[in-house]
Amino acid sequence: MAGYTALAASELTAALVRPAAGPVTVVGGAAIDRTPAPVKDYAIRTFGENDKVVLQLGILAVLGLFAIILGLVSLRYRRLGAGGVLVFGIVGAAAALDRPDSAGLGDALPSLVGAVVGAAVLYFLAGKATSTGPRPRVEGTSGWSRRGFLTSSAMTMVAATGAGAMARALTGWRGQGAATSRDELVLPAPASPAPAVPAGAQLKVPGISAFFTPNRDFYRVDTALVVPKVDADTWRLRVHGVGVARPRTFTLDDLLARPLIERDITLTCVSNEVGGPYIGNARWLGVRLAQLLAECGVEPPSRGGRADQLVARSVDGMTLGSPVEGIMDGRDAMLAVGMNGEPLPFDHGFPVRMLVPGLYGYVSACKWIQDIELTTFDAYDPYWVKRKWARKAPVKTQSRIDTPKPFARPSAGTVTVAGVAWAQSRGITRVQIRVDDGPWQEADLAAQDTVDTWRQWSYRWRAAPGGHSLTVRATDATGEVQTERRAPTIPDGASGWHSVFVTVT
Ligand SMILES: Nc1nc2c(c(=O)[nH]1)N[C@H]1C(S)=C(S)[C@@H](COP(=O)(O)O)O[C@H]1N2
Ligand SMILES: [Mo]
């Protein structure tokens, strides 16, 4: 009960100070940052997008366990039990101050307040629950009053639950300004609309991915335990650093007043396993990044610029590094404000995120961006690079079978095998299918939207009864055939062919 009260008190304080400074959030963040890459990879693979829920439940379970231990200790040694709670407060406070987005000493408050309240409640309840008090005993009663203890603990739980509810309400209310700013944002029409999607880019095969991934289905990969809720009205983007002749700070209105481009771009995560789900395609609206950089006086290295790395920083302290040369080589790198016809969802970076076609998300797609610093690859390693991921990571040519699903049981006859292939910024020119150990057969390619989008394909398979494996491989426009060599996601993206095994009945 004391542990529960401590958490509620700390969450209420966090709601007042800064919601992202709550103890479970900051300890969770510290855990994410320190998790070795293979374990993180395992967590993403096993729990998918629920990885954060699992982490938070794990933290709560550990806290619960220690609360029970401290509770038992305090029945004998009240001061020791209460002191143990304070130790947790110090751990939480230290984690809060160490967060990259820490807003200063105030961030230590939620953990400290929670610990002091928790320690006091434990001391008080332990006193009610034991007979060690100095009170004169009434003859014939045990030293403690059962009713006194039950009443005190019930009141504690009610108060703690109330504090928790207040914390929720307050946090929701704080996010309201951001939500309103998003609701009220009217996206301007693009000066340069996306080229029309050719008829036939979307195949009508049941089970194939939608050509445009709806926002609610778009994969989400980030380290944020609390999704940043940024108010568009107060948002600023600073551009500065090495070789920036004219450093500038932009408001959202500054960006929206510029000619906007609209582009179809497929985004992929480096943590996507062969055949995995961390890929999505959307129509993005935004500012051409190369042009904005040029206005600030940035030159690419090939024209004598001194900075070869652009480091994007988010409001939650994430850093991502992209090659300046790639951003300024003519591709549609952008600061996106719109996704599939609406302002960016909060989960996907509202109000502004970066995108560079052809690069994995972790080296390009900074969500909730607030700062762009021009520097060099020698001078600075961003977040993922510090954790052993590659400095540069162009998307590998890949393909995936969407249908039939693994271990499906289609009937003998013609079975349509279909899926997607991608090699953003190069384009897909060929997809082949192999049944068991047979020869490679040509799949039919759907129309290509752009080189930056995935491309659908299908293959009419004359399926004979029995167990069969289906394997796919793609070729990109540079002539490179998707490699069979299996590579793990670390350090620069998985490779290998996607296979599914089916039983034809
Ligand atoms: N602020 C922030 N931006 C981020 C990340 C992050 O953890 N924090 N993750 C990156 C990674 S690894 C990927 S793959 C993409 C995913 O974008 P999405 O969640 O919109 O699909 O965002 C990138 N941008
Ligand atoms: Mo990613």
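This is a predicted model: local features need pLDDT of at least 70, side-chain atom pairs count only at pLDDT 80 or more; totals for chains, interfaces and linings use all residues.
A polar contact is a pair of N or O atoms within 3.5 Å. An oxygen atom of ligand 1 is placed 2.6 Å from an N or O atom in the side chain of His348. With Tyr219, the contact is made by the backbone, a polar atom of which is 2.7 Å from an oxygen atom of ligand 1. On its own, ligand 1 has 540 Å² of accessible area, and the protein covers 99% of this.

The chain as a whole has 505 residues, and 51% of them count as buried. Its secondary structure comprises twelve helices and 18 strands. The C-alpha trace spans about 95 × 65 × 40 Å along its principal axes.

Four of the strands form an open sheet in the order S14-S13-S17-S18, and the pairing is antiparallel. The edges of this sheet are strand S14 (440–442) and strand S18 (498–504), each of which pairs on one side only. On average, neighbouring strands of the sheet are turned by 30° against each other, direction ignored. Strands of a sheet pair through backbone hydrogen bonds, in either a parallel or an antiparallel arrangement.

Strand S13, which covers residues 428–435, is joined to S14 by three bridges, and the two strands run antiparallel. Within this pair, Ile433 has Gln441 in S14 as its bridge partner. S13 is also joined to S17, here by seven bridges and again with the strands running antiparallel. Val435 has Leu470 in S17 as its bridge partner. Strand S17 (residues 466–476) is mostly covered, with eight of its eleven residues buried. Between S17 and S18 there are seven bridges, in the antiparallel sense. Gly466 is found opposite Val504 in S18.

Two individual residues illustrate how burial is assigned. Asn281 belongs to strand S4, which covers residues 279–288. Its relative accessible area is 0%, so Asn281 is buried, the cut-off for this class being under 20%. The side chain of Asn281 reaches the backbone oxygen of Phe211 at a distance of 2.8 Å. Gly3 belongs to helix H1, which covers residues 2–17. Gly3 is classed as partly exposed because its relative accessible area is 29%, a value that falls between the limits of 20% and 50%. Gly3 and Gly106 are 103 residues apart along the chain, and their C-alpha atoms are separated by 22 Å.

Definitions and conventions. Residues are numbered from 1 along each chain as its sequence is written. Chains are lettered from A and ligands numbered from 1 in the order in which they are written. Side-chain values use heavy atoms; hydrogens and water are left out. Two strands pair if DSSP finds at least two bridges between them. Axes are lines fitted to C-alpha atoms, for helices over the stretch in contact, and angles run from 0 to 180 degrees between N-to-C directions. A polar contact is a pair of N or O atoms within 3.5 Å; within protein, one must be able to donate a hydrogen and the other to accept it, and residues adjacent in sequence count only if both atoms are side-chain atoms. Accessible areas come from the Shrake-Rupley method with a 1.4 Å probe; for residues, only the protein chains shown count as cover. Buried means under 20% relative accessible area, exposed over 50%, partly exposed in between (1.4 Å probe, protein chains only).
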